[in-house]
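This briefing walks through one protein model, beginning with a single residue and then widening to the whole chain. Please keep the sequence and the 3D view open while you read.

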Amino acid sequence: MLYKLKVLNAICECGVVAVIRAASKEQALEISEACAEGGIKAIEVTYTVPGASEVIKVLSNTLKGRLFIGAGTVLDSETARAAILAGAEYIVSPGFDEATATLCNRYQVPYLAGCMTITEIIKAMEAGVDIVKLFPGNTMGPSFIKAVKAPLPQANIMPTGGVSLENLHEWIAAGAVAVGIGGDLMKGYNEFGIEKVKENAKLFVDKVKEARRGK
């Protein structure tokens, strides 16, 4: 239980989860390293990445202690189990799956399930989901979090999709405990290479700190 809390605390304290989507294992490893160097403390290797389980296994051996390694785009409990066996320290899904929640609870692994309605959020929380992933965030907006937290102040919500450097402060002000960053993390990568990813990572981490200070 203590390790589960350590993972959740790291996600909330940093406030940024990097969503790793890549065309190859090598690219995923390179992007993950850049995120760590940029100050991000938690990443999710999506199961759209070729050889995702192998990527998780390598990262668990090379970056553990610097990064908390999660698995993303996990659609079922079988994939969740494969990810955990590979070394994933938390599981992220685009939707809520009860069997995955049960598996993660059994092994005390945090499960960040995707939800879009207050009914889904309540169901996920009842199943032991500690952080609800608001997905896709761009269809709901920061005002949705504020509205949900009126009747559910205990809900920990992390928007993914539609979060940018320009609107990040709105999400934090609305009550988001963290944000998931995917596409915006990769802006400029094709033109300027991996250093741009590192720069973007640092910008997002710094922006969360500024937003929490009310700047």
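V7 counts as buried, because its relative accessibility is 0%, where buried means under 20% relative accessible area, exposed means over 50%, and partly exposed lies in between (1.4 Å probe, protein chains only). The model is a predicted one, in which local features need pLDDT of at least 70 and side-chain atom pairs count only at pLDDT 80 or more, while totals for chains, interfaces and linings use all residues. Residues are numbered from 1 along each chain as its sequence is written, and side-chain values use heavy atoms, with hydrogens and water left out.

**V7 and its surroundings**

- V7 has its place in helix α1, which covers residues 2-14; helices (H or I, at least four residues) and strands (E, at least two) are DSSP runs, numbered from the N terminus.
- Leaving aside neighbours within four places in sequence, V7 is in contact with F68, E89, Y90 and P110, and contact here means heavy atoms within 4.5 Å.
- V7 and A82 are 75 residues apart along the chain, and their C-alpha atoms are separated by 19 Å.

**The protein as a whole**

- The protein contains 10 helices and 8 strands, and its C-alpha trace spans about 45 × 40 × 30 Å along the principal axes.
- A compact globule with 215 residues would have a radius of gyration near 17 Å, and the 16 Å of the protein agrees with this; the radius is taken over C-alpha atoms, and the globule rule is 2.2 Å times the number of residues to the power 0.38.
- Of the 215 residues in the protein, 49% are buried.
- The protein exposes about 9,600 Å², of which carbon and sulfur atoms supply 55%; these accessible areas come from the Shrake-Rupley method with a 1.4 Å probe, and for residues only the protein chains shown count as cover.

- Two packed helices are described by the angle between their axes and the distance between the axes.
- Helix α4 (residues 77-86) and helix α5 (residues 98-106) pack at an angle of about 30 degrees, with their axes 8 Å apart; the axes are lines fitted to C-alpha atoms, for helices over the stretch in contact, and angles run from 0 to 180 degrees between N-to-C directions.
- The helices α4 and α5 are therefore roughly parallel to each other, since angles under 35 degrees count as roughly parallel, over 145 as roughly antiparallel, 65 to 115 as roughly perpendicular and the rest as oblique.
- On the α4 side S77, A80, R81 and I84 take part, and they meet A99, T100 and L103 in α5.
- By class, this contact of α4 with α5 has 4 nonpolar, 2 polar and 1 charged residues, where Ala, Val, Leu, Ile, Met, Phe, Trp, Tyr, Cys and Pro count as nonpolar, Asp, Glu, Lys and Arg as charged, and the others, Gly among them, as polar.
- S77, found in helix α4, counts as buried at 18% relative accessibility, and its contacts beyond four places in sequence are D97, A99, T100 and L103.

**Backbone details in the loops**

- Most residues other than glycine have a negative phi, and most peptide bonds are trans.
- T73, in the loop between β3 (68-72) and α4, has a positive phi of about 55 degrees although it is not a glycine.
- Q108, in the loop between α5 and β5 (111-115), also has a positive phi, near 55 degrees, and at 31% relative accessibility Q108 counts as partly exposed.
- The peptide bond from F135 to P136 is cis, with omega near -10 degrees, and P136 lies in the loop between β6 (131-134) and α7 (142-148).

- V16 is found in strand β1 (residues 16-20) and is buried, at 1% relative accessibility.
- V16 and K207 are 191 residues apart in sequence, but 9.8 Å apart in space, C-alpha to C-alpha.
- S164, in the loop between β7 (157-159) and α8 (168-174), is buried with a relative accessible area of 13%, and S164 touches D184 and F204, not counting residues up to four places away in sequence.
- L165, placed in the loop between β7 and α8, is partly exposed at 24%, and its contacts beyond four places in sequence are D184, L203, F204 and K207.
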